[in-house]
Amino acid sequence: MSKSEETLASIKEVSYQLFAEVGITKTTYSMIAKAVGIAKPSIYYYFKSKEDLIAAIFEDLCSAIQFSTFFEADTFTKDNFEEKLVELGLHMIDEQAKDPYYNRVLQEYMLMSTRYPFYHEKLLMIQKGYLHGFEMLMEKAKHFGLVSDQASAAKAHMLALVLDNIGNFMMLVEHIDYKQIWVEAVSGVLKGSDASGSK
């Protein structure tokens, strides 16, 4: 990584932390520059305005939480389907839990989405990505004979909604067994819904 790339990464990392600690509105270039250890004008080399910086952090955040970041349909087989689905959902929960800044930063951007269509549309696109992604996975499960044709779309949407709600609740309530909830959700979707209906 070049010096310039290191500086850019530091600016983004510090900005992300400050967005969580003091909020997007109260974060200034002066605060970022001091934390990174660079002169304030240097930030303008990377971001022409604070709005550009806010959008860049948001794009990184969206990339980190989109469906394809966690769930790769090609890795699912008939034999590993349920185990894989559980494993990747648990990994997603772990990733959110171990980032001390994530919940607050996402809340900041959700607040911005109420005022700026760009952020609203992007967050909506992320949610639609999960709905579509789980639809694709349930199609694959149907191909494997793991779920019936009936209500497969509803099952896909249920998984998306469960994960979304887990993420939302993790921003507010700590003492819930989110991992077990995901395990039960996956089991409930696959249990008793094989193509032959024999389970």
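Which residues does Trp182 touch, not counting residues up to four places away in sequence? Select Trp182 and look around: its partners are Leu85, Val86, Gly89, Leu90, Ile93, Phe134, Leu159, Val162, Leu163 and Ile166, where contact means heavy atoms within 4.5 Å.

Before moving on, know that this is a predicted model, where local features need pLDDT of at least 70, side-chain atom pairs count only at pLDDT 80 or more, and totals for chains, interfaces and linings use all residues. Residues are numbered from 1 along each chain as its sequence is written, and side-chain values use heavy atoms, with hydrogens and water left out.

Next, select Phe71, Phe81, Leu85, Tyr109, Tyr130 and Phe134 along with Trp182. These touch the most other members of the largest nonpolar core, which has 59 residues. Such a core is a set of buried (under 20% relative accessible area, 1.4 Å probe, protein chains only) Ala, Val, Leu, Ile, Met, Phe, Trp, Tyr and Cys residues joined through side-chain atoms within 4.5 Å.

Now for charged pairs. The whole structure holds 6 salt bridges, each a side-chain nitrogen of Lys or Arg within 4 Å of a carboxyl oxygen of Asp or Glu.

Select Asp60 and Lys12: their closest N and O atoms are 3.0 Å apart. Helices here are DSSP runs (H or I, at least four residues), numbered from the N terminus.

Then pick Lys122 and Glu59, a salt bridge at 3.3 Å, N to O. Lys122 lies in helix α8 (residues 117-143) and Glu59 in helix α4, so parts 63 residues apart in sequence are tied together.

Methods: Buried means under 20% relative accessible area, exposed over 50%, partly exposed in between (1.4 Å probe, protein chains only). Helices (H or I, at least four residues) and strands (E, at least two) are DSSP runs, numbered from the N terminus.
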